[in-house]
Amino acid sequence: MHISYQPLWDTLKERGMRIADLRLAAGLTTNMIANMGKGEHISMKTLLRICGALNCDIADVIALEQDNNFANEMEK
């Protein structure tokens with residue numbers, strides 16, 4: 001499994017916000033934004049700051065997705 005930040009990008013788009021707006025509202029660093037853009041992990045504290053800044057649920061920020069290799073292994 002891996003974490004997808006697609007819900008976050010969708011939430012920002014729905015609200016007419018840019019990533020720079022989120023960075024300022026949540027007090028994020030450019031490294032945190034870059035890590036999310038690469039699909040890398042960020043801390044739960046950071047996720048909570050994003051949810052607080054956007055006044056949203058964590059499901060509006062991240063989603064868990066199955067890796068194809070994992071799904072293939074489960075079928076065997």
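A search of the whole structure, a predicted model, finds zero disulfides, a disulfide being a pair of cysteine sulfur atoms within 2.5 Å. In general terms, such a link is a covalent bond between the sulfur atoms of two cysteines. Cysteine 51 is in no disulfide, and its nearest cysteine sulfur, belonging to cysteine 56, lies 4.5 Å away. Cysteine 56 is likewise in no disulfide. Cysteine 51 counts as buried because its relative accessibility is 9%, and cysteine 56 counts as buried at 14%; here buried means under 20% relative accessible area, exposed over 50%, and partly exposed in between, with a 1.4 Å probe and protein chains only.

Because the model is predicted, local features need pLDDT of at least 70 and side-chain atom pairs count only at pLDDT 80 or more, while totals for chains, interfaces and linings use all residues.

Cysteine 51 belongs to the buried set of helix α4 (residues 44–54), together with Thr46, Leu47, Ile50 and Leu54. Helices (H or I, at least four residues) and strands (E, at least two) are DSSP runs, numbered from the N terminus. An α-helix has 3.6 residues a turn, so residues three or four places apart point the same way. The face turned away from the buried side carries the exposed residues Met44, Lys45, Leu48 and Gly52. Just after α4, asparagine 55 takes a positive phi of about 50°.

What covers the buried residues of α4 includes α1 (6–14), α2 (19–26) and α3 (30–37). Threonine 46, in helix α4, is buried with a relative accessible area of 6%. Leaving aside neighbours within four places in sequence, threonine 46 is in contact (heavy atoms within 4.5 Å) with Leu28 and Met32.

The largest nonpolar core has 17 residues, and those with the most contacts inside it include Leu8, Ile50, Leu54 and Val61. Such a core is a set of buried Ala, Val, Leu, Ile, Met, Phe, Trp, Tyr and Cys residues joined through side-chain atoms within 4.5 Å. The elements giving two or more residues to this core are α1, α2, α3 and α4, and α4 gives the most, with four residues. Not counting residues up to four places away in sequence, leucine 8 touches Leu22, Met36, Ile50, Leu54, Asp60 and Val61.

Methods:
Residues numbered from 1 in each chain as written. Heavy atoms only, no water.
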